[in-house]
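Please consider the following points on the structure shown below.

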Amino acid sequence: MNLPVSLQPYLNQLSQSYGASTAQAALPAVDEGMFSDVLQAQLAAGQRVITAEEIIAELDGSPEWNFPQGSYDNHVDDSTSLNGAMSGRASLSTSAVLEKIDRMARSIGVDKDLVREVVRAESNFNPSAVSRAGAKGLMQLMDPTARAMNVRNVYNPDENLAGGTKYLKSLLDRYDGNVKVALAAYNAGPGRVSRLGIDSDMELEEKYDQLPLETQRYVEKIMNRLQSDRTS
């Protein structure tokens, strides 16, 4: 049976947990409910799922950085299930995360403080974070964005940072360096921003209330943190 690409990794997980025949029997009705069930199976198996509410809570919380303790796999074969992917872990310290962000930002030509705050807002520095919408890793890349940025393993911190930073750079270029617009597009999607006719930070401020509340908070919190960093 041909499955949507997005469900294939979850089929592997189900096959391992319940047996191939049981997993196959569950597949004919591939719909939103089925996807939810599979996602719940991932959560039960120990995969970290971060909600929009949690992200907003992080944005509204203390400006102190909160890095996850533990370690993460840097080299995972694409065919490995998520549980298997996270079982062979390599050390990733707080200083290593900052160094990766600094190095990647400089190599791609994006302000390192901006990349750092996007990572913090998106995943709270958790390389294994997965949103309910399916965004993954440090910079919460959706599958189409990851493919467009040539990211093979979204849970690899280096690949995810490279893809997310390149994508952020493309948005900054597209909107002529207007940081607020680039952030809004990163969060809500460039299509929504374009449909509102927003091309500059001034236009964004004029149409702020037409953006999703989550996007408004996202832009405000990141910009406030950047401003605080530069005045302290």
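1. R120 and E117 stand three residues apart in helix α7, which means that about one helical turn separates them. Helices here are DSSP runs of H or I of at least four residues, strands are runs of E of at least two, and both are numbered from the N terminus. An α-helix has 3.6 residues a turn, so residues three or four places apart point the same way. R120 forms a salt bridge with E117, with 3.5 Å between the closest N and O atoms; the term denotes a side-chain nitrogen of Lys or Arg within 4 Å of a carboxyl oxygen of Asp or Glu. R120 has a relative accessibility of 2% and therefore counts as buried, and E117 is likewise buried at 2%. Buried means under 20% relative accessible area, exposed means over 50%, and partly exposed lies in between, with a 1.4 Å probe and protein chains only. Salt bridges with shared partners join R120 and E117 with K112, D113, R116 and D229 into one network.

2. The model is predicted: local features require pLDDT of at least 70 and side-chain atom pairs count only at pLDDT 80 or more, whereas totals for chains, interfaces and linings use all residues. Residues are numbered from 1 along each chain as its sequence is written, and side-chain values use heavy atoms, with hydrogens and water left out.

3. Two further salt bridges deserve attention. The side chains of E117 and R116 meet at 2.9 Å, N to O, and both residues are buried. K112 pairs with D113, the closest N and O atoms being 3.5 Å apart; K112 is partly exposed at 41% relative accessibility, while D113 is buried at 16%. In total, the structure holds eleven salt bridges.

4. Which residues have the most contacts inside the largest nonpolar core? They are L114, V118, M139 and Y186, in a core of 44 residues. Such a core is a set of buried Ala, Val, Leu, Ile, Met, Phe, Trp, Tyr and Cys residues joined through side-chain atoms within 4.5 Å. The elements that contribute two or more residues to this core are α6 (94-108), α7, α9, α10 and α13. In soluble globular proteins, nonpolar side chains tend to be buried together.

5. Leaving aside neighbours within four places in sequence, the contacts of Y186 (heavy atoms within 4.5 Å) include V118, M139, L141, Y167 and Y218. The structure holds one aromatic pair. Its members are Y167 and Y186, whose ring centres lie 5.5 Å apart with planes at 45 degrees, so the pair is tilted. Rings of Phe, Tyr and Trp (its six-membered ring) pair if their centres lie within 6.5 Å; planes under 30 degrees apart count as stacked, over 60 as edge-to-face and the rest as tilted. The pair links distant parts of the chain, with Y167 in helix α9 and Y186 in helix α10, 19 residues apart. Both tyrosines, Y167 and Y186, are buried.

6. Helix α9 has 18 residues and reaches 25 Å from its first C-alpha to its last, close to the 26 Å expected; the expected span is 1.5 Å times one less than the number of residues. Its buried residues include P157, N160, G164, Y167 and L171. At the N-terminal end, N156 caps α9 through a side-chain oxygen that lies 2.9 Å from the backbone nitrogen of D158.

7. Most residues other than glycine have a negative phi. D176, which follows α9, has a positive phi near 55 degrees; D176 is found in the loop between α9 (157-174) and α10 (179-188) and is exposed, with a relative accessible area of 68%. F125, also not a glycine, has a positive phi of about 65 degrees. F125 lies in the loop between α7 (112-123) and β4 (130-131) and is buried at 1% relative accessible area.

8. Where does T215 lie, and is T215 buried or exposed? T215 belongs to helix α13 (residues 213-231) and is buried at 1% relative accessibility. The side chains of T215 and N187 are joined by a polar contact of 2.6 Å. A polar contact is a pair of N or O atoms within 3.5 Å; within protein, one must be able to donate a hydrogen and the other to accept it, and residues adjacent in sequence count only if both atoms are side-chain atoms. Leaving aside neighbours within four places in sequence, T215 is in contact with A184, N187 and A188.
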